[in-house]
Amino acid sequence: MSKRILTLIPVAALLAISSAHADSLIQSLNRVDNSLNKVQNTIHGTQNTIRDGQNKIDSTQRAIGEIQDGTYVEKRVENKVRQQKRRAVNGLINKSSNAIRKATNTY
């Protein structure tokens, strides 16, 4: 029996050491994962900034072309009218949806 206990002590010590090592390894992996997430977020932010800049360039070039063609004012008025129509329709839809919800008492 005492031989068995003596052989279990090194095994228990080994398990304690490997458990501590595993905890340390998990913490290290979590730090690496957090760092990778930060890098990924930075990359996405940079991509969005580049995309926004390119959209501004495209919009400016389109406006310059429209000014040269003499269609700039027409297109701005068409866009404004289209936006106003869309807002009016969306407002009516929202008002009717609210009226239906109130009438049926469903929210």
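Here is the part I have in mind. Could you take me through glutamate 66: where is it found, what does it touch, and with which residues does it form a salt bridge?

Analyst: Happy to. A word on the ground rules comes before the details. This is a predicted model, in which local features need pLDDT of at least 70, side-chain atom pairs count only at pLDDT 80 or more, and totals for chains, interfaces and linings use all residues. Residues are numbered from 1 along each chain as its sequence is written, and side-chain values use heavy atoms, with hydrogens and water left out.

Let us start with the setting. The protein chain has two helices and zero strands; helices (H or I, at least four residues) and strands (E, at least two) are DSSP runs, numbered from the N terminus. Of the 107 residues in the chain, 2% are buried, where buried means under 20% relative accessible area, exposed over 50%, and partly exposed in between (1.4 Å probe, protein chains only). The chain exposes about 9600 Å², and carbon and sulfur atoms supply 60% of that area. Accessible areas come from the Shrake-Rupley method with a 1.4 Å probe, and for residues only the protein chains shown count as cover.

Now to your residue. Glutamate 66 is found in helix 1, which covers residues 2-69, and with a relative accessibility of 7% it counts as buried. Leaving aside residues up to four places away in sequence, glutamate 66 touches Thr71, Tyr72, Lys75 and Arg76; contact here means heavy atoms within 4.5 Å.

Next come the charges. Side chains of opposite charge can pair when their charged atoms come close. The structure holds two salt bridges, a salt bridge being a side-chain nitrogen of Lys or Arg within 4 Å of a carboxyl oxygen of Asp or Glu. Glutamate 66 forms one with lysine 75, where the closest N and O atoms are 4.0 Å apart. Lysine 75 is partly exposed, at 36% relative accessibility. Glutamate 66 also forms a salt bridge with arginine 76, and there the closest N and O atoms are 2.7 Å apart. Glutamate 66 lies in helix 1 and arginine 76 in helix 2, so this pair ties together parts that are ten residues apart in sequence. Arginine 76 counts as partly exposed, at 30% relative accessibility. Through shared partners, the salt bridges join Glu66, Lys75 and Arg76 into one network.

Tyrosine 72 is in helix 2, residues 72-104, and it is partly exposed, with a relative accessible area of 32%. Besides Glu66, tyrosine 72 touches Ala63 and Ile67, again not counting residues up to four places away in sequence. Tyrosine 72 and arginine 62 are ten residues apart in sequence, and their C-alpha atoms are 9.2 Å apart in space.

Tyrosine 72 also belongs to a nonpolar surface patch of about 450 Å², made together with Ile67, Val73, Val77 and Val81. Helix 2 gives the most to that patch, with four residues. Patches are made of residues with over 30% relative accessible area and no salt bridge; like charges are joined within 9 Å, and nonpolar side chains (Val, Leu, Ile, Met, Phe, Trp, Tyr) within 5 Å.

Finally, Lys80, Arg82, Lys85, Arg86 and Arg87 form a positive surface patch. Lys and Arg count as positive and Asp and Glu as negative, while His and the chain ends are not counted; the place of a charge is taken as NZ of Lys, CZ of Arg, CG of Asp or CD of Glu. Arginine 82, one of the patch members, sits in helix 2 and is partly exposed, with a relative accessible area of 44%.
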